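Student: I would like to take a close look at one part of this model and go through it with some care.

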Amino acid sequence: MIKMILFLFASILTLAGCSSAIYRQSAIQGSNPVAISVDARQRVLLSQNDPTVPARNGAHAGAANDPTFRRFCAEPSPDVFTVLGVGASGGASFSQDTKGLNAALQAAFSSSETGATIARTQTINMLREMMFRTCERYLSGAISPADFSIISARDQRVMVSILAIEQLTGSITPPAVAMSANGEGSTGMNATEMVKLLAAKQADLASAGSDLDKATKALAAADATAATCETLSAKKAAGTPALTTDETAKLKACDDGKAAVAKATATRDVAQAQYDDLVAASKKGLGIAAAKSGGTVNFDQSTARTDAVIAVSNTVENIVNNTFRQDETQLFCFRVLTDPNISAALSPIQTQCLNYLTTKVASDEKALADRYGIPVANIVFAQQTGVTLRTTRSVNSQKLHACVSDAGRATRANQALAANAALASQAAPFLAASQESATAIEQYLFGIGTVAEYQAYDALKSICGLGDGS
Amino acid sequence: MKVSIFICDSPEAMLQAEAELPGDGEVLYKTPNARSETGDIVRYFVKPPRSPGATLDKFTGKYLLIALL
């Protein structure tokens, strides 16, 4: 009996620990495409074999049609996330008394689930949806790999543009909604906090107003009828007759009073603006996201924003203009030259496209040359030299790594490097990098400079069979 | 992963260095136009006693390429 109770208790704990997480996998008939839905709460992962890549022979029995690789599309995570909390506690006590076995078992379970929407801008929502739909079309064969690349490039352009517009106009983010298991929901800032904040800002505004009144009265007192501030200022500007000691003191009181009024006015204006912003925000139900993450409320409609928008808008406009300068013809030609179906249908255009791209490359080289003030030929030569050297280095690095794994050849290589005055000091790290890996010696050679690199190739040419790229 | 800094005498040398970058190399910065650069190199010591070190090396009228390897 006790064992049964304990078993049930353990079973309940186990069930409680994984309660209601959902995972389903649906195999669709055909070449084993798969749809997978995972929790939080039901996000879909779609998968399909790449039909353009032949299946390989399976590495295990019965897997003769294993796909070489798959295409995947992961649905954007849902707008609601859940936090599942499960708590369990249990206790058992046993005692053997004259009446027999007495077992007591206490168990307590708690389970709660809360969720909240994730505040996202319209742009983010649209981009997530747009990119997933592009992936879906690619997965289902509606668009080719070339189309996919082109659409992705266009998506990036749209992304920049929309983000820029959002920056200009001020993003509109739906207020987050929090939900809990007992059915309560709240949108926007907690009402109590909002009221407290309003009261505080109202007090600030009243205080600032009071300070302004005091400063104004002080200035009025200094601005005595017999010798007004204006009169004293004019007398001081004229220089003759000179101000008396009493007049100088009065004029100072005037200046101090004016400064105090200006300062109090500025403080009151700021307090008034903050209060107005808060009142406006309270009507929109803003605040929950900021209140939870940072403990502050950000008001997008602050008075400084107008200037900021003007300053940012020019930069953003340039970004948008540059983004829309993307070369659609180049993308079209890329598609014509790489998509076999399209190239078959548009074969006459292939030549024009090749010419276009060749001209484009030449144009880019010319622009680069102009920017650096050097001839195009120098650009081409430098790039070709670099590519040649990189290829040579890559091949030689493989050879060096294999070469120094042989102790005899490693010793001879060390001697050959040491015999060269320019390389002697680098013999040890050179060999260490060679022994470590081909990548390590490749990076080392990249860092020592072209002259030393070629000297090393010459020194080790016969020992390790290195080419010099010539 | 390491960062390499190339201080080149000419734009051609800088462009050659860029073309030499291994396949997974990434250009972090290069002198953007015909105007060469002048400045100091702060030598950083990863090991103690402290980082960065105090050694400064000057360069004048050079073209820079900074790459992540």
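Which residues of the largest nonpolar core touch the most other members?

Tutor: Bearing in mind that this is a predicted model, the largest nonpolar core holds 23 residues, and those that touch the most other members are A:Leu400, A:Leu417, A:Phe430, A:Ile441, A:Leu445 and A:Leu460. Two or more residues of this core come from each of the chain A helices α12 (376–403), α13 (407–419), α14 (427–436), α15 (438–448) and α16 (450–464), and it is α16(A) that gives the most, with six residues.

As for how the two chains meet, the contact takes 19 residues from chain A and 19 residues from chain B, and B:Glu12, B:Leu15 and B:Glu20 supply 34% of the area that chain B buries against chain A, more than any other three residues. The area buried between the chains is about 1,700 Å², with 63% of it given by carbon and sulfur atoms. There is one salt bridge between chain B and chain A, in which the side chains of A:Arg393 and B:Glu20 meet at 2.4 Å, N to O. Helix α1 (residues 11–20) of chain B gives the most to the side of chain B that touches chain A, with eight residues, and that side divides into 12 nonpolar, three polar and four charged residues.

Technical notes
Residues are numbered from 1 along each chain as its sequence is written. Chains are lettered from A and ligands numbered from 1 in the order in which they are written. This is a predicted model: local features need pLDDT of at least 70, side-chain atom pairs count only at pLDDT 80 or more; totals for chains, interfaces and linings use all residues. Side-chain values use heavy atoms; hydrogens and water are left out. Contact means heavy atoms within 4.5 Å. Buried area is the accessible area (1.4 Å probe) that two parts lose on being put together, summed over both. A salt bridge is a side-chain nitrogen of Lys or Arg within 4 Å of a carboxyl oxygen of Asp or Glu. Helices (H or I, at least four residues) and strands (E, at least two) are DSSP runs, numbered from the N terminus. Ala, Val, Leu, Ile, Met, Phe, Trp, Tyr, Cys and Pro count as nonpolar, Asp, Glu, Lys and Arg as charged, and the others, Gly among them, as polar. A nonpolar core is a set of buried Ala, Val, Leu, Ile, Met, Phe, Trp, Tyr and Cys residues joined through side-chain atoms within 4.5 Å. Buried means under 20% relative accessible area, exposed over 50%, partly exposed in between (1.4 Å probe, protein chains only).
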